[in-house]
Each structure stands twice: as C-alpha cells, then as structure tokens.
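Please read this briefing beside the sequence and the coordinates. The points are grouped by topic, and each term is given with its cut-offs where it comes up.

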Amino acid sequence: MEDEDLKLGPNGGLVFCMQYMVENQEWLNDLVNCPGEDDYIVFDCPGQIELYTHLTVMKDFVRLLQQWKFQVCIVYVMDSHFVVDIPSYIAGMLTTLSVMMNLDVPHVSILSKIDLLSASSRNKVEQFLDPSERGLSELIDPNPWMEKHTKLMKKIAKIVDDYGFVHFMPLNITDETSITEALTFIDIRCLQFGEDEDVKTIDPPDPVDDE
C-alpha cells in the first residue's frame with residue numbers, strides 16, 4: 001500500500017481494505033439495497049485464501065449481508081489445474097471444507113477451467129469426482145516420494161468417502177449445459193431463487209373427435 005504509516009504488503013493491504021469495508025459499510029448499504037425484487041447481486045471476492053479459512057472478515061461480511069436481508073450462497077471456485085493428482089485434490093477438499101465451516105452458509109464448490117485440461121488430466125479429475133466402486137482412498141497409489149504421508153492421506157480420503165463432506169461441480173465454460181447445471185444448482189438448491197413465483201402450467205389441447 002502507498003500509505004507509509006501502515007507498512008502493509010499486497011496481502012496485508014487487502015485484508016486491511018476488507019476489514020475497513022466491513023467496519024465502514026454505510027456506502028455499501030446504499031449501493032446494494034436498491035436492486036429489483038427478482039435481482040441478485042454477485043460479489044467477485046479476492047482470491048487470498050486466508051480471508052476465508054481462518055480470518056473472520058469474510059464471515060463478518062456474510063453476516064452483514066444477512067442482516068440486510070440478503071439470502072447468501074458461497075460459490076467457491078477452484079482452478080482444476082491445482083487438483084490433477086490425489087494429494088492436491090485432497091488438499092483442495094480440506095481447504096474447501098475449511099471455508100464451508102468458517103462461513104457457515106449454503107455453499108457450492110466448483111472446479112473451473114475443466115475445458116483447459118489435457119485429456120489425461122481431465123480423466124484423472126473425473127475419476128476423482130466419481131470414484132464409483134473404488135473409494136477415493138483406493139485411488140492413492142504407493143509413491144516413494146509421498147510414503148511418509150500416504151497413511152494420513154488414506155485416512156482423510158476414507159473420511160471423505162464415508163461422509164461425503166465436499167463435492168465439486170466441474171465447470172466447462174464452453175459447454176452451455178455445464179453452465180446451466182451450475183447456475184440451476186445455485187439458484188434452486190442453495191438460494192431457492194424464484195420459489196415464490198407462480199407455477200406455470202400449459203393446458204393440454206382439446207381432443208379432436210375422429211370423424
């Protein structure tokens with residue numbers, strides 16, 4: 001930051017700005033409390049993970065929105081390039097779980113940039129997302145470089161298999177169906193967006209008598 005008195009780097013400056021925003025929220029209240037009845041607002045939040053895993057600033061921000069009568073859903077987006085092997089995938093799941101527990105609101109976990117993965121990497125990620133008959137713990141192959149942590153990873157993976165704490169939704173922005181599925185899940189399963197609308201029915205056509 002340019003302020004020499006604060007002496008903060010990029011990450012510290014970002015945390016300070018978020019804290020300052022939450023503590024001085026009058027301008028934000030005026031800005032967001034004017035949407036239409038059927039509108040919703042998307043907050044594109046910074047990617048520094050410490051804001052979500054153990055600091056309280058984002059949790060305070062969520063509670064602030066709830067005080068203003070907003071129905072909040074967290075869409076947690078993780079780059080699929082970071083989870084193309086089992087250790088990275090498990091680490092990503094633990095980070096996601098930490099965010100879910102810290103913010104404590106409806107949550108959707110999305111793996112982005114699926115369309116940019118190589119064919120082999122995409123097959124690996126799809127196998128992680130749907131381990132079918134083999135559990136995630138069974139996909140951990142012996143690796144001399146990871147021998148020290150293999151037992152721990154298998155224990156964590158077994159808990160994930162048994163309880164299903166975290167589920168990622170793959171997102172391919174070149175596939176309209178993929179985008180629609182993600183948006184529908186957020187709208188219906190998490191926000192109940194549009195649940196107060198009248199159900200639209202189509203009357204069947206009158207039968208035609210055979211002459």
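Two rings of Phe, Tyr or Trp (for Trp, the six-membered ring) are paired if their centres lie within 6.5 Å, with planes under 30 degrees apart called stacked, those over 60 edge-to-face and the rest tilted. By that criterion the structure holds four aromatic pairs. The model is a predicted one, in which local features need pLDDT of at least 70 and side-chain atom pairs count only at pLDDT 80 or more, while totals for chains, interfaces and linings use all residues. Residues are numbered from 1 along each chain as its sequence is written, and side-chain values use heavy atoms, with hydrogens and water left out.

**Fold and burial**

- The chain has eight helices and three strands, where helices (H or I, at least four residues) and strands (E, at least two) are DSSP runs numbered from the N terminus.
- Read from the N terminus, the order of these elements is α-α-α-α-β-α-β-α-α-β-α.
- Of the 211 residues, 33% count as buried, a class that means under 20% relative accessible area, with exposed set at over 50% and partly exposed in between (1.4 Å probe, protein chains only).

**Nonpolar cores and aromatic rings**

- A nonpolar core is a set of buried Ala, Val, Leu, Ile, Met, Phe, Trp, Tyr and Cys residues joined through side-chain atoms within 4.5 Å, and the largest one here has 41 residues, with Met58, Tyr89, Leu111, Leu136 and Phe168 making the most contacts inside it.
- The elements that give two or more residues to this core are H1, helix H2 (26–32), helix H3 (50–53), helix H4 (57–67), strand E1 (74–79), helix H5 (86–103), helix H6 (119–129) and helix H7 (147–163).
- Another core, of nine residues, lies apart from it and includes Cys73, Val108, Ile110 and Cys190.
- In soluble globular proteins, nonpolar side chains tend to be buried together.
- Tyr89, Phe128 and Phe168 form one aromatic cluster, and of these Tyr89 and Phe168 are also among the residues with the most contacts inside the largest core.

**Nonpolar surface**

- Leu6, Phe16 and Tyr20 make a nonpolar surface patch of about 270 Å², the area coming from the Shrake-Rupley method with a 1.4 Å probe, where for residues only the protein chains shown count as cover.
- Patches are made of residues with over 30% relative accessible area and no salt bridge, like charges being joined within 9 Å and nonpolar side chains (Val, Leu, Ile, Met, Phe, Trp, Tyr) within 5 Å.
- Leu6 lies in the segment before helix H1 (10–23) and is partly exposed, with a relative accessible area of 32%.

**Salt bridge and cysteines**

- With a salt bridge taken as a side-chain nitrogen of Lys or Arg within 4 Å of a carboxyl oxygen of Asp or Glu, the count comes to one salt bridge.
- The side chains of Lys113 and Asp79 meet in a salt bridge at 3.2 Å, N to O.
- Because Lys113 lies in the loop between strand E2 (107–112) and H6 while Asp79 belongs to strand E1, the pair ties together parts that are 34 residues apart in sequence.
- Lys113 is partly exposed, with a relative accessible area of 38%, whereas Asp79 is buried at 15%.
- A search of the whole structure finds zero disulfides, a disulfide being a pair of cysteine sulfur atoms within 2.5 Å.
- Cys17 is partly exposed at 40% relative accessibility, whereas Cys73 is buried at 17%.

**Backbone and spatial separations**

- Most residues other than glycine have a negative phi, and most peptide bonds are trans.
- Lys69, in the loop between H4 and E1, has a positive phi near 70° and is exposed, with a relative accessible area of 75%.
- Asp104 is found in the loop between H5 and E2, where its phi is also positive, at about 55°, and its relative accessible area of 56% makes it exposed.
- Tyr40 lies in the loop between H2 and H3 and is partly exposed at 39% relative accessibility, and its C-alpha is 9.7 Å from that of Val72, 32 residues apart in sequence.
- Phe43 is placed in the loop between H2 and H3 and is partly exposed at 30%, with its C-alpha separated by 9.9 Å from that of Val75, 32 residues apart along the chain.
- Ile74 lies in strand E1 and is buried at 16% relative accessibility, its C-alpha being separated by 9.2 Å from that of Val62, twelve residues apart along the chain.
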